[in-house]
Amino acid sequence: MRGRFISIEGGDGSGKTTQIQLLIKKLEEEGIDILFTREPGGTVISEKIRSLILDPAHIEMKDMTEALLYASARAQLVGEVIKPAIEEGKTVICDRFVDSSVVYQGHARELGIETIEDINSYAIRGLYPDLTILLDIDPDEGLHRKKSQKELDRMEMQALDFHKKVSEGYRLLAIRHADRIFSVDATQDIETIHRSIMAEMKRRFGYGENENGARHHS
């Protein structure tokens with residue numbers, strides 16, 4: 001049976017890492033075979049591209065170069081990891097996917113949403129997530145959280161106006177792809193967000209326990 005493909009999206013500081021960890025723990029407790037990966041990255045080649053993209057020293061990088069590097073890393077990840085795992089029946093959870101490029105490079109960098117979608121059509125070969133969970137947060141709050149956590153990478157160091165465009169772009173996508181994108185208010189407490197995500201997982205895919213307490217994945 002074909003596996004599921006779930007991506008987690010959100011602006012910087014939206015709490016993706018925490019919610020991904022809680023989601024994976026819950027699904028593994030239910031006996032579901034999980035493969036976790038991230039973007040950009042997830043393969044030896046893609047991780048090298050990640051280092052190139054996010055290095056704060058690369059301030060001269062052109063926007064289109066950035067977009068093409070993301071698509072290249074994604075093509076490798078899809079072909080080497082995501083597609084084979086789904087074909088094996090695994091549930092793939094990916095920290096960011098094509099929506100990030102559409103929002104960051106297409107909308108915030110103003111390269112054009114359609115342009116980025118066209119570029120990435122070659123990278124993903126029609127493999128869109130079955131569900132995208134969007135952690136929606138105001139960029140001021142997100143950046144405040146991020147700056148208190150660690151040293152910022154090249155994307156996180158962008159100006160506040162850029163991050164506001166990212167937030168705007170995500171909200172536009174959530175409307176455009178309402179059938180696929182489930183938006184959650186990321187300013188809520190951690191457990192409330194997790195419960196909302198699990199309720200959507202159950203509604204969409206039937207993840208959870210049946211009345212007799214048996215684990216199942218439908």
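This is a predicted model: local features need pLDDT of at least 70, side-chain atom pairs count only at pLDDT 80 or more; totals for chains, interfaces and linings use all residues.
Residues are numbered from 1 along each chain as its sequence is written, and side-chain values use heavy atoms, with hydrogens and water left out.

**Entry on H5.** I looked up H5, residues 113-124, and found that its 12 residues reach 16 Å from the first C-alpha to the last, close to the 16 Å expected at 1.5 Å a residue. Helices here are DSSP runs of H or I with at least four residues, numbered from the N terminus, and the expected span is 1.5 Å times one less than the number of residues. I then noted as buried (under 20% relative accessible area, with a 1.4 Å probe and protein chains only) Ile-113, Ile-116, Glu-117, Ile-119, Asn-120, Ala-123 and Ile-124. They lie on the same side of H5, because they cover an arc of only 165° around the axis, taken from the directions from the helix axis to the C-beta atoms.

**Entry on aromatic rings.** I counted rings of Phe, Tyr and Trp (its six-membered ring) as a pair if their centres lie within 6.5 Å, with planes under 30 degrees apart called stacked, over 60 edge-to-face and the rest tilted; the count comes to four aromatic pairs. One of them joins Tyr-104 and Tyr-170 edge-to-face, at 6.4 Å centre to centre and 80° between the planes. Tyr-104 lies in helix H4 and Tyr-170 in helix H7, so this pair ties together parts that are 66 residues apart in sequence. Tyr-104 counts as buried at 6% relative accessibility, and Tyr-170 is buried with a relative accessible area of 4%. I also found that ring pairs link Tyr-104, Phe-162 and Tyr-170 into a cluster.

**Entry on Glu-110.** Where does Glu-110 lie? I placed Glu-110 in the loop between H4 and H5, where Glu-110 is exposed (over 50%), with a relative accessible area of 58%. Leaving aside neighbours within four places in sequence, I found Glu-110 in contact (heavy atoms within 4.5 Å) with Gln-105 and Lys-165. The C-alpha atoms of Glu-110 and Lys-165 are separated by 9.4 Å, although these residues are 55 residues apart along the chain.

Terms used
Helices (H or I, at least four residues) and strands (E, at least two) are DSSP runs, numbered from the N terminus.
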